[in-house]
Amino acid sequence: MAEVRISFLGTGAGNCIHRAHTAIVLDCPDGTRLLLDAGSGNSVLRHGAQLGMHAEDFEHVLLSHRHGDHMGGLPHIQGRRTQMAPSASPLLVHSLEESLAGLQDLFRAVSITHQVDQDSVTTTDGNRVVAWDPVEVGQWITLGENTRASCFLVNHIGGAAGWRVETGGITVVFSGDTRYSESLIEASQGADLLIHEALSTEDDKDGASRRGHCTAAEAAQAASLAGAGQLVITHIDTPFHSNTQPLADEARAHYDGPISVADDLFITTVSRP
Ligand SMILES: [Zn+2]
Ligand SMILES: [Zn+2]
């Protein structure tokens, strides 16, 4: 039986005061481990360690966009990875050019000794510790023996993307940050699992949209129109932290499949016979 294990290391919206920022680990049936976004600060290191996942265990990062709550943790992941496994292959960051440019600026701003250029991040002793993999929309990249991924544009900021991952006959789609997006529905067709952000309920639909985000109803509509096998809602804002039920209840009215709202350290699996 093929199984993908999905571990949520961070599930909070940018301004959330209770949760770590967005970071999700996919453990694929062929042994490939993917980090979808990298949270901020040391949250991937802290929450990863609690689940037995350490910086040196990450090789591939699929980055959705250049906001700090999604890419801010990468310099710390790199630092710890280089410390623990100095001769490891470079951390490979896959994303659209525009997002990689933002990430390169971040590395330049925070690295005192590292050389940051168009291709990679290199330490003073010539060790390549990060390599950039610029991808095109819709381009499939091979990440493991039976694992591939491609990204699609979403409606958030310039260069913002979601990711479709196919592995061992199982498809997982991650929305990244987005307003309601037709391109996401198209790219999510037949997904076994849709991980979709939702900042609020319909009570604050305008506020969510102004900030570039969805409501739970919109996330569920996307899951329904995509024919997704199950929906996990994430990117939770402060008002819903301690009671996520209103998000789940609102989603329920628009989607018939299983619905979960992720908390930090939530783990779920998707399997196929
Ligand atoms: Zn965000
Ligand atoms: Zn964002």
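In the predicted model, helix H8 lies across strands S14 and S15 and runs at about 155 degrees to S15. The sheet to which these strands belong is open and consists of seven strands in the order S9-S10-S11-S12-S13-S14-S15, with mixed pairing. Strand S9 (141-144) and strand S15 (259-261) stand at its edges; each has a single partner strand, so one side of each is left without a neighbour in the sheet. From one strand to the next, the twist averages 20 degrees. Within this sheet, S12 pairs with strand S13 (residues 193-197) in the parallel sense, over three bridges. In this pairing, Val 173 is placed opposite Leu 194 of S13. Helix H7 also packs on the sheet, where it touches S13 and strand S14 (231-234), and its direction makes about 155 degrees with that of S13.

The two helices can also be considered as a pair. Two packed helices are described by the angle between their axes and by the distance between the axes. For helix H7 (residues 216-226) and helix H8 (residues 245-252), the axes come within 8 Å and cross at roughly 40 degrees. H7 and H8 are therefore oblique to each other. The crossing in which H7 passes H8 is right-handed. On the side of H7, the contact is made by Ala 216, Ala 217, Ala 219 and Ala 220, while H8 contributes Leu 247, Glu 250 and Ala 251. Classified by residue type, this contact has six nonpolar residues, no polar residues and one charged residue.

A further position of interest is Tyr 180, which is found in the loop between strand S12 (170-174) and helix H5 (182-187). Tyr 180 counts as partly exposed because it has 19 C-beta neighbours inside 10 Å. When residues up to four places away in sequence are not counted, Tyr 180 touches Cys 214, Glu 218 and Ala 222. Gln 118, in turn, is 62 residues from Tyr 180 in sequence and 33 Å from it in space, C-alpha to C-alpha.

Strand S8 takes part in two pairings. With strand S5 (residues 91-96), S8 (residues 128-135) pairs in the parallel sense over six bridges, and His 94 stands opposite Asp 133 in S8. With strand S7 (residues 120-122), S8 pairs in the antiparallel sense over three bridges; here Ser 120 is set opposite Ala 131 of S8. The hairpin of S7 and S8 has five residues between the strands, and in this hairpin Gly 126 takes a positive phi near 80 degrees.

Note on methods: Residues are numbered from 1 along each chain as its sequence is written. Chains are lettered from A and ligands numbered from 1 in the order in which they are written. This is a predicted model: local features need pLDDT of at least 70, side-chain atom pairs count only at pLDDT 80 or more; totals for chains, interfaces and linings use all residues. Axes are lines fitted to C-alpha atoms, for helices over the stretch in contact, and angles run from 0 to 180 degrees between N-to-C directions. Helices (H or I, at least four residues) and strands (E, at least two) are DSSP runs, numbered from the N terminus. Angles under 35 degrees count as roughly parallel, over 145 as roughly antiparallel, 65 to 115 as roughly perpendicular and the rest as oblique. A crossing is left-handed if the near helix is turned anticlockwise from the far one by less than a right angle, and right-handed if clockwise. Two residues are in contact if their C-beta atoms, placed from the backbone, lie within 7 Å. Ala, Val, Leu, Ile, Met, Phe, Trp, Tyr, Cys and Pro count as nonpolar, Asp, Glu, Lys and Arg as charged, and the others, Gly among them, as polar. A residue is buried if 20 or more other C-beta atoms lie within 10 Å of its own, exposed if 12 or fewer, and partly exposed in between; C-beta atoms are placed from the backbone. Two strands pair if DSSP finds at least two bridges between them.
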